[in-house]
Amino acid sequence: MSKKTLIVVGNGMVGHHFLEQFCASPAAADFEIIVFGEEKQLAYDRVHLSEYFGGSSHADLAMGTLEWYTEQGIQLHLNEQVTGINREHRTLETPRGGYRYDELVLATGSYPFVPPIKGNDRPHCLVYRTLDDLDTIRASSEGARTGVVVGGGLLGLEAANALKSLGLEAHVVEFAPRLMPVQLDADGGALLRHKIEELGVQVHTEKATTAITEGEDARLRMNFSDESFLETDLIVFSAGIRPQDALARASGLEIGERGGIVIDNHCTTSDPHVHAIGECALWEQKIFGLVAPGYTMARTLSSALNGDRDTAFTGADMSTKLKLLGVDVGSIGDAHAQTPGARNIRFNDEQAGHYRRMVISEDGKTLLGAILVGDNSHYDTLLQYALNGITLPENPETLILPESQGGAPALGPDALPETASICSCHNVTKGDICRAIDAGCSDLGSVKSETKASTGCGGCTALLKNVVDSELEKRGVEVSKDLCEHFPYSRQELFHLVKVNGIRTFRTLISQHGKGHGCDICKPAVASILAICWNEHILATDHVPLQDTNDTFMANMQKNGTYSIVPRIPGGEITPDKLIVLGEVAKEYDLYTKITGGQRVDLFGATLSQLPEIWEKLIAAGFETGHAYGKSLRTVKSCVGNTWCRYGVQDSVDMAIRLEDRYKGLRAPHKVKMAVSGCTRECAEAQSKDFGVIATENGWNLYVCGNGGMRPRHADLFATDLSDEELIRTIDRVVMFYVRTADRLQRTSVWMESLEGGLEYLKEVVLEDSLGIGAELEEHMEGIVGTYQCEWKTAVEDPEKRKRFREFVNAPSQADPVQEWTVERGQRRPVLESA
Amino acid sequence: MKPRTRWEAVCTVDDLVPESGIAVWTEDGPVAVFYLPHRLPALFAISHSDPFSGANVLARGITGDLKGEPVVASPLYKQHFSLRTGVCLEDDTVRVKTYPVLLDGNQIRLEVRANQRESIAA
């Protein structure tokens with residue numbers, strides 16, 4: 001039997017999710033699949049669109065890869081708009097030809113609504129929906145000073161954030177009396193407005209635009225019905241979305257009165273061979289403008305095409321939790337108390353800027369809805385109460401009161417029923433997670449890859465971790481915090497023992513607080529703690545045997561037992577003379593030479609006994625050790641900054657060198673990377689670093705706890721427009737707090753996620769000094785900075801330390817016989833095959 | 001007939017590093033000598049060659065004990081080898097060669113089998 005043809009029109013988030021679901025189902029074998037996308041790019045994450053201006057590229061936002069489409073045998077037609085459907089013949093047309101289908105899926109999404117205002121078609125009147133739109137906005141922002149967003153809803157505020165990150169003075173114009181009128185009430189809207197205005201975005205409510213005309217001081221003028229006006233260089237319309245139903249309409253499918261392709265509970269339209277999912281679909285007179293309901297429709301349709309008529313789309317929870325311009329906003333269920341008899345409990349702390357409202361049923365037993373502004377930490381608990389109809393406690397107000405005022409702790413994972421939805425993007429319940437654990441998943445990572453939970457919007461990360469930890473513990477999987485069999489303490493606890501008791505050697509620590517002789521886990525960890533507390537040379541006699549080989553020999557061991565050498569090149573700035581020295585040394589010792597990702601030069605293939613000689617030459621030329629071998633600061637990457645770049649607004653190289661010189665040599669639980677970008681274009685990729693600094697007109701924005709590598713994470717904006725001194729003081733505090741409290745081998749990203757209260761807590765500790773340790777952290781850092789020594793300089797000058805660098809202590813001229821070499825692309829490399 | 005052996009002087013006490021290893025060259029190739037002053041016996045000698053990588057690096061590993069067994073961790077891929085038996089704790093089908101070692105005055109001596117270079121991995 002020849003295969004049938006399934007055509008999907010639209011390659012957005014929902015269209016892509018449908019393909020993922022369908023391709024993994026049995027029916028996929030019966031179909032040839034053809035996909036049409038109007039945009040040039042593969043499906044990408046529109047929810048995080050504003051990150052495009054924060055440095056994300058299409059690749060960062062992409063949902064899938066071309067390889068995946070190829071593997072699945074999908075014919076992908078991007079940049080090809082479908083122009084007509086002939087339902088009678090089951091064909092559709094594009095400018096490039098005609099195609100026949102057996103089943104047709106419309107996932108055409110929505111388009112931005114542009115209010116019918118005179119002049120809305122002028123140049124620099126734009127919309128915010130696609131990557132192309134963003135490129136247009138970026139182009140329009142060249143030479144612009146101010147930008148206005150029309151629409152104060154969720155998307156409008158996202159768009160305002162985008163304008164702000166382009167360096168524009170941003171305004172929001174809203175027709176309603178408050179921001180986010182759908183999700184928030186008057187008090188919540190007022191607080192959000194206050195917070196957003198504090199961040200420099202000007203908000204104008206109750207403004208109806210009557211016409212857009214040419215401006216006098218700016219490109220455009222917006223005239224309002226109350227006779228006032230606002231001048232701006234560009235306008236972004238973000239006043240809601242409309243379903244993209246033109247194609248369906250022209251082909252005679254049933255369309256709702258106010259638009260939308262009418263679908264049934266199985267996402268099928270008025271034609272049994274045509275289906276619609278996502279924002280273009282109208283179910284029971286409702287359009288769902290969020291991604292999670294679209295995903296639910298995609299799954300429902302995939303089941304239906306597999307002959308499953310039991311799975312039905314029955315509506316969706318429209319609760320939302322977001323961070324708009326850095327402000328937490330949450331809205332759950334019946335937020336406006338429209339259920340008859342509903343009652344309200346409100347908590348409003350204007351001092352702290354927290355607003356919380358619970359809407360509860362007449363009998364006080366169930367939570368119908370909620371509004372949160374300023375702090376979303378109660379969101380997960382409240383959502384679980386609302387979604388699962390869990391009976392409220394006797395005093396429901398405790399759920400939103402601060403703990404100091406008798407507030408109840410968050411709903412523990414044990415209290416959730418099996419059916420509780422943990423991840424709404426991928427529809428993963430607590431029961432699914434339990435089954436994954438029973439099937440052998442033994443940590444968070446494997447549960448995530450098995451169930452896909454928390455791989456959508458990521459909003460459920462903390463909740464998922466709680467559920468997984470609690471379920472693992474219940475099954476007797478010990479989640480032990482002990483460092484190893486020798487110490488019944490966590491790294492943080494050991495740090496305190498060392499600090500408080502003034503312990504200076506491993507032997508003292510293990511004899512007083514541990515047992516046995518130590519191992520390769522606890523020895524380097526304790527060495528790092530001792531280095532932070534007392535900052536003695538890592539090759540002091542007592543410390544030598546504690547170090548990993550890389551620390552012992554202050555170089556990076558490679559697979560054949562030779563080492564690589566990375567001299568420090570602060571900020572990536574190097575004189576021609578020093579560059580020549582690197583070349584000469586590399587040539588003399590026949591070292592393989594490679595430029596690193598951190599703007600340095602790595603010299604490979606030095607034998608143990610060559611290391612001190614090579615370093616003598618490098619030190620004579622003014623080089624210092626680069627600590628590429630240590631769990632310590634690696635490099636501070638920088639772009640060239642305003643000394644050369646026509647876009648730069650600060651001297652990023654100078655700041656990078658200052659930071660690198662300050663923190664070099666500091667021992668940390670894991671390696672630490674930093675970067676400084678001279679403008680918002682972010683050429684130094686600072687947001688992928690543990691500490692990222694991005695220049696602004698007024699100073700520096702600090703991002704913290706980012707990560708590249710295996711588990712990439714965008715850094716979080718921590719503080720804005722800092723002066724040089726404020727920047728350094730803030731980094732001092734965060735670094736030192738990390739060094740003191742993180743677990744062994746825990747990067748800053750994981751550390752921050754593991755802190756109870758996360759980013760907000762870290763801000764309180766560092767920016768508001770809530771623990772009263774700010775001065776102590778700074779003092780500790782000053783002490784370490786003051787006692788810095790180049791470890792290599794100290795080592796080459798000390799004959800005792802140099803003795804360690806003998807390959808064979810009894811045969812100085814004996815070469816290591818397994819180190820054999822071949823030449824490739826003009827350089828030497830090992831031939832040793834590893835087993 | 002027992003193979004001929006002899007006690008080869010490889011280095012002096014001053015060459016040793018407490019709680020750590022050094023490498024020496026012997027008739028039998030590279031050997032790692034460890035000095036753990038807080039144990040009895042305090043001296044151990046095993047092959048310097050890491051069977052998992054083929055590289056001569058074991059003397060540069062971190063020493064310690066796991067459940068009481070004196071071990072060194074390979075600095076490359078972190079497997080642990082018993083300093084007493086040479087057996088790999090993660091994979092007991094792999095073992096490195098061990099050598100009797102003794103302190104003779106100021107000299108460290110290894111018992112090396114002459115003319116019998118055997119492979120190090122099991």
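A charge sits over a ring if NZ of Lys or CZ of Arg is within 6 Å of the ring centre and within 35 degrees of the ring normal. This is a predicted model, in which local features need pLDDT of at least 70 and side-chain atom pairs count only at pLDDT 80 or more, while totals for chains, interfaces and linings use all residues. Residues are numbered from 1 along each chain as its sequence is written, chains are lettered from A and ligands numbered from 1 in the order in which they are written, and side-chain values use heavy atoms, with hydrogens and water left out.

**Exercise 1. Charges over rings**

Task: state which ring lies under the charged end of A:R242, and at what distance from its centre.

Solution. Step 1: the ring is that of A:F113, and the charged end of A:R242 is 3.9 Å from its centre. Step 2: a further case is A:R681, which lies over the face of A:Y647 at 3.8 Å from the ring centre.

**Exercise 2. An annotated site**

Task: locate the residues that UniProt gives the feature "binding site", and decide whether A:C683 is buried or exposed.

Solution. Step 1: the unreviewed UniProt entry places the feature at A:C639, A:C645, A:C679 and A:C683. UniProt positions follow the numbering used here, feature names are shortened, and annotations may be inferred rather than shown by experiment.

Step 2: the four positions span 45 residues in sequence, but no two of their C-alpha atoms are more than 11.0 Å apart, so they gather at one spot.

Step 3: A:C645 is in the loop between β32 (633-638) and α19 (652-663) of chain A. Helices (H or I, at least four residues) and strands (E, at least two) are DSSP runs, numbered from the N terminus. A:C683 belongs to the loop between β33 (672-677) and β34 (691-696) of chain A.

Step 4: the accessibility classes are buried (under 20% relative accessible area), exposed (over 50%) and partly exposed (in between), with a 1.4 Å probe and protein chains only. A:C645, at 30%, is partly exposed, and A:C683, at 57%, is exposed.

Step 5: contact means heavy atoms within 4.5 Å. With its neighbours within four places in sequence left aside, A:C683 is in contact with A:C639 and A:S677.

**Exercise 3. Aromatic pairs**

Task: count the aromatic pairs over all chains and classify the pair A:F18 and A:F22.

Solution. Step 1: rings of Phe, Tyr and Trp (its six-membered ring) pair if their centres lie within 6.5 Å; planes under 30 degrees apart count as stacked, over 60 as edge-to-face and the rest as tilted. The whole structure has 17 such pairs over all chains.

Step 2: A:F18 and A:F22 are stacked, at 5.5 Å centre to centre with 15° between the planes. These two residues are four apart in helix α1 (residues 13-23) of chain A, and about one helical turn separates them. A:F18 and A:F22 are both buried.

Step 3: A:Y738 and A:W751 have ring centres 5.2 Å apart and planes at 65°, so this pair is edge-to-face. A:Y738 lies in helix α20 (residues 724-741) and A:W751 in helix α21 (residues 748-754), both of chain A, so the pair ties together parts 13 residues apart in sequence. Both residues, A:Y738 and A:W751, are buried.

Step 4: ring pairs also join A:F553, A:Y563, A:W615, A:W792 and A:F805 into a cluster.

**Exercise 4. Strand β7 of chain A**

Task: find which strands pair with β7(A), and whether they run parallel or antiparallel.

Solution. Step 1: two strands pair if DSSP finds at least two bridges between them. Strand β1 (residues 4-9) of chain A is joined to β7(A) by four bridges and the two run parallel; A:V8 has A:V105 as its bridge partner.

Step 2: β7(A) is joined by three bridges to strand β19 (residues 274-276) of chain A, again in parallel. Here A:L106 has A:A276 as its partner.

Step 3: both faces of β7 (residues 103-106) are covered, with A:E103 and A:V105 on one side and A:L104 and A:L106 on the other, all buried.

**Exercise 5. The interface of chains A and B**

Task: state how many residues of chain B are in contact with chain A, and which residues of chain B lose the most area.

Solution. Step 1: 38 residues of chain B contact 40 residues of chain A.

Step 2: buried area is the accessible area (1.4 Å probe) that two parts lose on being put together, summed over both. For chains B and A this is about 2,900 Å², with 54% of it on carbon and sulfur atoms.

Step 3: on the side of chain B, B:W25, B:R60 and B:I62 lose the most area to chain A, together 28% of what that side buries.
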